[in-house]
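Visitor: I would like to learn how to read the packing of helices and the pairing of strands in a model such as this one. Could you take me through the features in turn?

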There are 2 protein chains.
Amino acid sequence: MKFTCHKNELVQAIQLVSKAIANKPQTPVLSGIYLEAGDNQLELHATDNEIGIISTIPADVEEQGKIVLSGRYMQEVIRRLPGDTVTISQEIGENVSKIQSAASNFTFLSMPANDFPTVKRLQEGVHFKIQDNILRDIIKKTVFACSTDESRPIFTGCQMEINGETLKMAATNTHRLSVKKEVVANLSGDLHIIIPAKLLNELLRALNSDMPIEVDVCCSSNQASFQFENVVFMSRLIEGQFPNYESVIPKSFATTVTLDTEDFLDAVDRVSLISRSADYNIIRLEFGSNQVHISSNSPDVGNANEIVAATIEGPNVNIAFNAKYVTDVLKNLNSKNFRFLLNESLQAAAVREEDNPTFVYIVTPVRTQN
Amino acid sequence: MKFTCHKNELVQAIQLVSKAIANKPQTPVLSGIYLEAGDNQLELHATDNEIGIISTIPADVEEQGKIVLSGRYMQEVIRRLPGDTVTISQEIGENVSKIQSAASNFTFLSMPANDFPTVKRLQEGVHFKIQDNILRDIIKKTVFACSTDESRPIFTGCQMEINGETLKMAATNTHRLSVKKEVVANLSGDLHIIIPAKLLNELLRALNSDMPIEVDVCCSSNQASFQFENVVFMSRLIEGQFPNYESVIPKSFATTVTLDTEDFLDAVDRVSLISRSADYNIIRLEFGSNQVHISSNSPDVGNANEIVAATIEGPNVNIAFNAKYVTDVLKNLNSKNFRFLLNESLQAAAVREEDNPTFVYIVTPVRTQN
């Protein structure tokens, strides 16, 4: 095998597919990146057997072939190479690859390419196309609400639902719930799948194009793929029954509070410097007199008090939350103002963007002593 | 006590003095920052009993006094405050301080100010003034060569020597030696002291003024202080006899190699990606035919080969080093080209800046198998 390609394109492709490599790979070959030099192109694969990423870049291929090289060393070495191009070659039957760029020559022990579980593109399933910015917003507004507790896999992913032209994404860790929906042109179907948060987080990072692009989504009964530009993200789906979350969204709220997103987030961030030093990271919110008083108390450190102006419709409410459950959602809102929707102190509250009915976040309050 | 000051000035002063706080303070009060509100100014002190830093900023002092607040919480809270100014107050006899800025109000448990070992300015000793850029260069070119092995304290500091008008700094970890000297106007005296690397590293970071400033240096038999602008750095000295390093500097070298500093450093950096995966981080240098061939071999990973153009006067030499001992010095050189001065494979080599006799670095080679 022998090919030459642009160093920067190779570096970017390596960085992208490396996201699929596990911190502790199950087998040695999974610590590697599979390189396949084909017809004027190089395909890179990496996988942890749960998610897989393929990136394809142009290459001047002198001899077709496939090799597997250590992901870690490739990333470190190739980005430091002095030339604009890189030539990688390996003789048939050898287990050593040569990497050459300007006056730099490296050899690396390679791994057997036939042992690598290459990432297979999905051939059949429900297909649809979606604009990158819409998909990004749907993921961003939900994936943060997932659980990281692997003992309950259902909650470590987002449920994606297609119902006619409506695409809906939902995530919950049982203490909070985030739901975002969008109408997607030409979408049709009926599908409920649970996509691992890990895949969605990597997809979110990769969906950073300055220009509008279309993402090709394909879902089968046990896999989903997202394809755009020269990249394919593949993932196994999480099996099981996602909870019927609609029932936990309150039908109505007695109090509606409108707040400046940034001012409120900054104030909660400061108060949480105190709250996070105590158990449960609790902040209290007292809504009344057109302001919200945010406070926290830690016996070992001190206390914090902040006042933020608010427009309040309905009865005054005092309520307490885990500060992280408030800041997490606020960081992902797009609107200058947002709405806090409340009933009583121990009843679930909602966060919504102003004038945007497509998103809702439900958060369970904390019971405090006074 | 009650004072008001500019938030940004307070944040900078806190950041600066915090460098003296140990990661694991010996006593709780040493995790704090001592604040003394005096005549239109606020003095901040922090210390780990080895080094101490004082910073003074203007303040509108309503009531003089002194308190000690947690360094960690002050740093986190004050930089996030919403206003341009901060007011800090504490009632006499209380152990709670109030911090107020715009609509933010924090209270913090404070520590007893009388328990704090305030940093004392040096009153007597050898005094001299030195330009910040000269002092910075002297420290930068030597302190990296110190040892971090606390079991041999002598090598964890730099020896500063004053001999007439000459100021000299030397550091060694026994495998390498770095010596830098400068003639300083109006300097006179005879002094040999060993200053902890920790203090010099913090001083290096703080000496970042865009404008030329003078640093006031004062040395007693067991302490040294560096004072500039509104800052004082104090340090205990390391006791003991620094080795007679002049004797290890070879009197002459058979081979002189001139290399481009950046090209050579980049090449060694790349080769060390391989060498550091093996024991001892060894790179080989083969000087000959107006080039240097840099190589390394790791049985588990592969090998690296780089060629860099060189001007060689004298016999060809093959020699091997710990890669870090080469890159450390090259990162601290100012000149476009540098000189490698060599005798035989197992004899100490020197690194010098081109056309600059005030600096020399001596490095012991490694014995390799072939």
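Visitor: Which residues of α2(A) meet α5(B)?

Guide: In general terms, an α-helix has 3.6 residues a turn, so residues three or four places apart point the same way. In this predicted model, A:Glu76, A:Val77 and A:Arg80 of α2(A) meet B:Asp269, B:Arg270 and B:Leu273 of α5(B). Sorted by class, that contact holds two nonpolar, no polar and four charged residues.

Visitor: At roughly what angle do the axes of helix α2 of chain A and helix α5 of chain B cross?

Guide: The axes of α2 (residues 71-80) of chain A and α5 (residues 261-275) of chain B cross at roughly 165° and come within 10 Å. Since angles over 145 degrees count as roughly antiparallel, that crossing makes α2(A) roughly antiparallel to α5(B). The crossing of α2(A) with α5(B) is left-handed.

Visitor: How many residues of chain A are in contact with chain B?

Guide: On chain A, 24 residues are in contact with 24 residues of chain B. The elements of chain A that give two or more residues to this side are α2, β9 (104-109), α5 (261-275) and β21 (302-309). By class, the side of chain A that touches chain B has 12 nonpolar, six polar and six charged residues.

Visitor: How should I read the strands, and in what order do the nine strands of the open sheet lie?

Guide: Strands of a sheet pair through backbone hydrogen bonds, either parallel or antiparallel. Here the pairing is antiparallel, and the nine strands of the open sheet follow the order β5(A)-β1(A)-β7(A)-β8(A)-β9(A)-β21(B)-β20(B)-β19(B)-β23(B). At the edges stand β5 of chain A and β23 (317-322) of chain B, each with a single partner strand, so one side of each is left without a neighbour in the sheet. On average, and with direction ignored, neighbouring strands of this sheet are turned by 15° against each other.

Visitor: Finally, is the crossing of α3(A) and α4(A) left-handed or right-handed?

Guide: The crossing of α3(A) and α4(A) is left-handed. Their axes come within 10 Å and cross at roughly 135°, which makes α3(A) oblique to α4(A). In this contact A:Arg136, A:Ile139 and A:Lys140 of α3(A) meet A:Leu200, A:Leu203 and A:Leu204 of α4(A), a set made up of four nonpolar, no polar and two charged residues. Among the buried residues of α3 (residues 132-140) in chain A are A:Leu135, A:Ile138 and A:Ile139, and the elements against which the buried residues of α3(A) pack include β10 (126-131), β12 (166-172) and α4 (197-206) of chain A.

Notes: Residues numbered from 1 in each chain as written. Chains lettered and ligands numbered in written order. Predicted model: local features only at pLDDT ≥ 70, side-chain atom pairs only at ≥ 80, totals over all residues. Buried ≥ 20, exposed ≤ 12 C-beta atoms within 10 Å, placed from the backbone. Helix = DSSP H or I, 4+ residues; strand = E, 2+ residues; numbered from the N terminus. Contact = placed C-beta atoms within 7 Å. Axes fitted to C-alpha atoms, helices over the stretch in contact; angles between N-to-C directions. Parallel < 35°, antiparallel > 145°, perpendicular 65-115°, else oblique. Left-handed = near helix turned anticlockwise from the far one by under 90°. Nonpolar A, V, L, I, M, F, W, Y, C, P; charged D, E, K, R; others polar. Pairing = 2+ DSSP bridges.
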